[in-house]
Amino acid sequence: MSFICSVCRELLTCYSDCESEVRPVEASGGVGDPKDVRHLVSTKCGHLYHYSCLQEWLMQAMTPSYFGQCPICCTEVDLGECWRIYPSRDEGPEDLEAVTKEAKDTKEQLEKLSLTVDILRYEVLLLF
């Protein structure tokens, strides 16, 4: 199962240097920089984000009313109260492509089966 950071809209994965120390967004080149350390964190309200994305959101919220609040539920967020999340493994692009293809194939099979069921229902109605 994949989750998406609601700030940057990218997959919640850690890059290869995930075990190094968290660097400030300014030092890493900003959100979206592939060298950015993308630690995963959970807020006290239970929502997941990349650490650097949440940090940027809390510093530069779009409106003053959202300053210091969770982007999803508006609960007050303190970076010091966030928990680091350690995923068992990251899904690579090839994993996601395979899962996406499998989902599309399954959807096509379901559509075909649904059509078959509709045809059989019609034939049953014709029998009565």
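Here is a short note, in numbered points, on the predicted model shown above.

1. A few ground rules before we start. This is a predicted model, in which local features need pLDDT of at least 70 and side-chain atom pairs count only at pLDDT 80 or more, while totals for chains, interfaces and linings use all residues. Residues are numbered from 1 along each chain as its sequence is written, and side-chain values use heavy atoms, with hydrogens and water left out.

2. Let's begin with the overall layout. The protein has three helices and three strands (DSSP runs numbered from the N terminus: helices are H or I with at least four residues, strands are E with at least two). Along the sequence they come in the order α-β-β-α-β-α. Two residues are in contact when heavy atoms lie within 4.5 Å; of the contacts between residues at least 6 apart in sequence, 47% join residues at least 24 apart.

3. Of the 128 residues, 26% are buried (buried is under 20% relative accessible area, exposed is over 50%, and partly exposed is in between, with a 1.4 Å probe and protein chains only). The protein exposes about 9,200 Å², and carbon and sulfur atoms supply 59% of that area (areas come from the Shrake-Rupley method with a 1.4 Å probe; for residues, only the protein chains shown count as cover).

4. Now the largest nonpolar core, which has 14 residues. Such a core is a set of buried Ala, Val, Leu, Ile, Met, Phe, Trp, Tyr and Cys residues joined through side-chain atoms within 4.5 Å. Cys5, Val41, Tyr49, Leu54, Leu58, Val77 and Cys82 touch the most other members. Both β1 (40-42) and α2 (51-59) supply at least two residues each, with the largest share, five residues, coming from α2.

5. Two residues are worth a click in your viewer. Leucine 58 is in contact with Phe67, Gly68, Gln69, Val77 and Leu79, leaving aside neighbours within four places in sequence. Threonine 43 sits in the loop between β1 and β2 (48-50). Is threonine 43 buried or exposed? Threonine 43 is buried, at a relative accessible area of 3%. Not counting residues up to four places away in sequence, threonine 43 touches Tyr49, Leu54, Val77 and Cys82.

6. On to charged pairs. The model has two salt bridges, where a salt bridge is a side-chain nitrogen of Lys or Arg within 4 Å of a carboxyl oxygen of Asp or Glu. One of them joins lysine 44 to glutamate 81, with the closest N and O atoms 3.6 Å apart. Lysine 44 is in the loop between β1 and β2 and glutamate 81 in the loop between α2 and β3 (83-85), so the pair ties together parts 37 residues apart in sequence. Lysine 44 is exposed at 55% relative accessibility, whereas glutamate 81 is partly exposed at 40%.

7. The other bridge pairs lysine 101 with aspartate 105, the closest N and O atoms being 3.0 Å apart. Both residues lie in helix α3, four residues apart, about one turn of the helix. Lysine 101 is exposed at 52% relative accessibility, and aspartate 105 is partly exposed at 31%.

8. Val124, Leu127 and Phe128 make a nonpolar patch of about 420 Å² (patches take residues with over 30% relative accessible area and no salt bridge, joining like charges within 9 Å and nonpolar side chains, namely Val, Leu, Ile, Met, Phe, Trp and Tyr, within 5 Å). Valine 124 belongs to helix α3 (residues 93-127) and counts as partly exposed at 42% relative accessibility.
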